Amino acid sequence: MAEELEAGSVVGKVAGELGMEEAAEVASEKVATGGVQDVVEAVAVGGARSMLSEAHKYQADRSQVFESEEHPVKVDPFRDTLLRYAGYANEVGESFRPFIGELGVALSYIVASTYVMADSVYQTRQVGIEEQDKDVQVRNALMASTAFDSLVWQSFASVIIPGFTINRVVAASQFTLDQVGTTGLVRRWLPTILGLSAIPFIVHPIDELVHKVLDNTTRPIAKQLVGRVKDNVQASQKSQSQPDDATQV
């Protein structure tokens, strides 16, 4: 029971650091009455609610913030603010694997995946708003391309590659400590500390790597597909205008 309460306290603190106040408050309440399973579940659900609520609030205030600026700067709430760290919830879960177990790690992936989906929806809606003066088919093609690109980029940059990397760091450190016979607090905490310490060093390299891979694989294909839709729309509009021109002549 003591270990469960300790794990719950750790998860609650992590949620607070990620800016998920609702999740942190619920986790703190669960520590006193429930086990680690209840705590981690509260963090996952509360965290998802917090990040979506924060995004909606930011989007509502966005126009007021930038209308007063001489040179408006477009800021993406999912990628340019602290909300970006919600995408690393699974890396934090991997780092705390020795304390929260398989269930805790799985729920941390749920939080990260929720962030990925929310970002994809946000990016798609923004394109729809920005391109609303274009033909419906062209706008839908651009929105579909954006949704696909965002989903693929976030899946690899925020979940798959970082999660695997941190998992290997924690596993390698645990294996090394077992081989040298380390026990006590060092064996308990060092793998987690090493896993968390690796996050700042892998974020930007992984982001850039995924961007470069997509720039040379899916993005050119998506651009060509959108271009074909534009060509088809223009051809259709041109063919429809020709009979009108003939009638006028």
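A nonpolar core is a set of buried Ala, Val, Leu, Ile, Met, Phe, Trp, Tyr and Cys residues joined through side-chain atoms within 4.5 Å. Buried means under 20% relative accessible area, exposed over 50%, and partly exposed in between (1.4 Å probe, protein chains only). This is a predicted model, in which local features need pLDDT of at least 70, side-chain atom pairs count only at pLDDT 80 or more, and totals for chains, interfaces and linings use all residues. Residues are numbered from 1 along each chain as its sequence is written, and side-chain values use heavy atoms, with hydrogens and water left out.

**First stop: the cores**

Select Phe96, Ile100, Trp153, Ile166, Ile199, Val210 and Leu214, which have the most contacts inside the largest nonpolar core, a set of 18 residues. Helices H5, H6 and H7 (184-215) each supply at least two residues of this core; helices here are DSSP runs (H or I, at least four residues), numbered from the N terminus. The greatest contribution comes from H7, with seven residues. Next, select Leu83, Ala118, Tyr122 and Val159, which are among the eleven residues of a second, separate core. In soluble globular proteins, nonpolar side chains tend to be buried together.

Display H7 by itself. Its 32 residues should span 46 Å at 1.5 Å a residue, and its end C-alpha atoms are 47 Å apart, which agrees; the expected span is 1.5 Å times one less than the number of residues.

Now turn to H5 (97-130). A straight helix of 34 residues would span 50 Å, but H5 spans only 42 Å between its end C-alpha atoms. Where is the kink in H5 centred? Select Leu103: the kink there is about 75°.

The structure holds four aromatic pairs. Rings of Phe, Tyr and Trp (its six-membered ring) pair if their centres lie within 6.5 Å; planes under 30 degrees apart count as stacked, over 60 as edge-to-face and the rest as tilted. Select Phe78 and Tyr115, a tilted pair with 5.8 Å from centre to centre and 45° between the planes. Both of these residues, Phe78 and Tyr115, are buried. Then select Phe99 and Trp189, whose ring centres are 4.5 Å apart with planes at 40°, so this pair is tilted. Phe99 lies in helix H5 and Trp189 in helix H7, 90 residues apart. Phe99 is buried, with a relative accessible area of 10%, whereas Trp189 is partly exposed at 27%.

Select Gln154, which is placed in helix H6. Is Gln154 buried or exposed? Its relative accessibility is 0%, so Gln154 counts as buried. The side chain of Gln154 makes a polar contact with that of Asp119 (3.2 Å). A polar contact is a pair of N or O atoms within 3.5 Å; within protein, one must be able to donate a hydrogen and the other to accept it, and residues adjacent in sequence count only if both atoms are side-chain atoms.

Definitions and conventions
The bend at a residue is the angle between axes fitted to the seven residues ending there and the seven starting there.
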